[in-house]
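Here is a short briefing to read alongside the coordinates. It starts with the chain overall, then turns to confidence and to one residue in its surroundings.

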Amino acid sequence: MAQVEILMPKLGESVMEATITKWNKKVGDSIAMDETIIEIATDKVDSEVPSTAQGVLVKCLYEEGAVVKIGDAFAIIETDADAATNTPTEVTAAKAPEKTEVIAEAQKIEQEIASFSTPEITSNGDRFYSPLVKSIAKEEGISQAELDSIQGTGKDGRVTKDDIKAYIKNGRSAQSAPAMPKAETAKPAATTPAAPVEVKTIQGPAVSVNAGDEIIEMDRMRKLIADHMVMSKHVSPHVTSFVEADVTNIVMWRDKVKDAFFKMTGEKLTYTPIIMEAVVRAIKDFPGINASVDGTKIILRKNINLGMATALPSGNLIVPVIKNSDSMNLVGLTKSVNDLANRARNNKLTPDEIAGGTFTVTNVGTFGNVMGTPIINQPQVAILAVGAIRKRPAVIETEFGDVIAIRHMMFLSLSYDHRVVDGSLGGSFIRRVADYLEQFDPNRTF
């Protein structure tokens, strides 16, 4: 019999740990290869972890709710195979020297840093410092000048252990200021330490609870969404621009071809991929929208990875990403949109499928809203909201003059990061998206 460690697998490019939300097996249960052993949650998505071995679960190394780092073992399975070289004991023994070496190297580096950061304390002709006083000064980062300025109470004005501890306790420079260089002619600075800068944390107001009120604890995903939205508003100065688009040609074309489209591809044709197609074309015209900000640097993204905000049955929101959207035709976009939306609602997305987005589209029209002011999905610099398509009387130009007709109209709203996207770029981009929608060819093929 051999024992095999089951390791937490790599879950995505930026995912370093996962929380065990549920054990699907208990000690003593038989487990087949690729059978789900635990359910996990990360800061990106929930998923299942299959077993990489067949046998009997003999030990659960973590309880539900515990956080496990990627690559760490979380369970031990006993198999029928002969003893392998990667049993828990041998693995631990093999790793121990490496870990010891790393710790020793880290301690050595810390000692070197400490020796560079605090110059060696020395006694001079005027004052003598005991080894204990020197040691305390080094630990607390007290410089030679500071130590020379402390009033000693020992014999011949010697600084004692109690003197230096009192100096530290009273705020160090509150007792005395460091000695000024002899060449300095200016008056010594005041010995009172400068008041520390107070950083205030913005907190919500206190909320009273009245009789009959119901208190609902946020679930994990809602907490993550809340933190992400607050962070985005704090990081990016948001500006929102609006345009109205006449999408009559799109509505008529979809009504005409949707049945044939389904027969040919097996996919339902919605408005979302058609809008995504127009967004991709507009991003190619204005690549500054497909960007991120890193301090004072603007990162223009080479790939166009469109995120699509998707409402979940729980009421929460998730944003799966269509990677390399610019390489897809309408059929490819439709397949990706439908697949990601369906798996998002069934909690089947992988971490990589909600990472790496460069621009996001959210459809507020799904809920009957005509427009919205979406919050930017960091670290992107813009997000497009699509409103509901409504029939309205509109003025259209014809060769015989202006006429009023019933048209299918839709509002588009673009929120963008005003640090790097000005009104010219933001307004031009959203207008270009509307132009592509209005110029849609009603006689096109799939």
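Of the 446 residues in the protein chain, 35% count as buried. Please keep in mind that this is a predicted model. The chain's secondary structure amounts to nine helices and 19 strands.

**Surface and contacts**
- The protein chain exposes about 26700 Å², and carbon and sulfur atoms supply 54% of that area.
- Among contacts in the protein chain with a separation of 6 or more, 61% are between residues 24 or more positions apart.

**Confidence**
- The average pLDDT of the protein chain is 84, and 80% of the residues score at least 70.
- Residues 112-118 have a pLDDT below 50, and this stretch makes three contacts in the model beyond near neighbours in sequence.
- Residues 174-191 also have a pLDDT below 50, with 19 contacts in the model beyond near neighbours in sequence.

**A look at Val 56**
- Val 56 sits in strand β6, which covers residues 55-60.
- Leaving out residues up to four places away in sequence, Val 56 touches Gly 28, Asp 29 and Ser 30, along with Ile 76, Ile 77 and Glu 78.

Terms used:
Residues numbered from 1 in each chain as written. Predicted model: local features only at pLDDT ≥ 70, side-chain atom pairs only at ≥ 80, totals over all residues. Heavy atoms only, no water. pLDDT = per-residue confidence, 0-100. Contact = heavy atoms within 4.5 Å. Helix = DSSP H or I, 4+ residues; strand = E, 2+ residues; numbered from the N terminus. Buried < 20%, exposed > 50% of the residue type's maximum accessible area, 1.4 Å probe, protein only. Areas by Shrake-Rupley, 256 points an atom, 1.4 Å probe, with all protein chains shown as cover.
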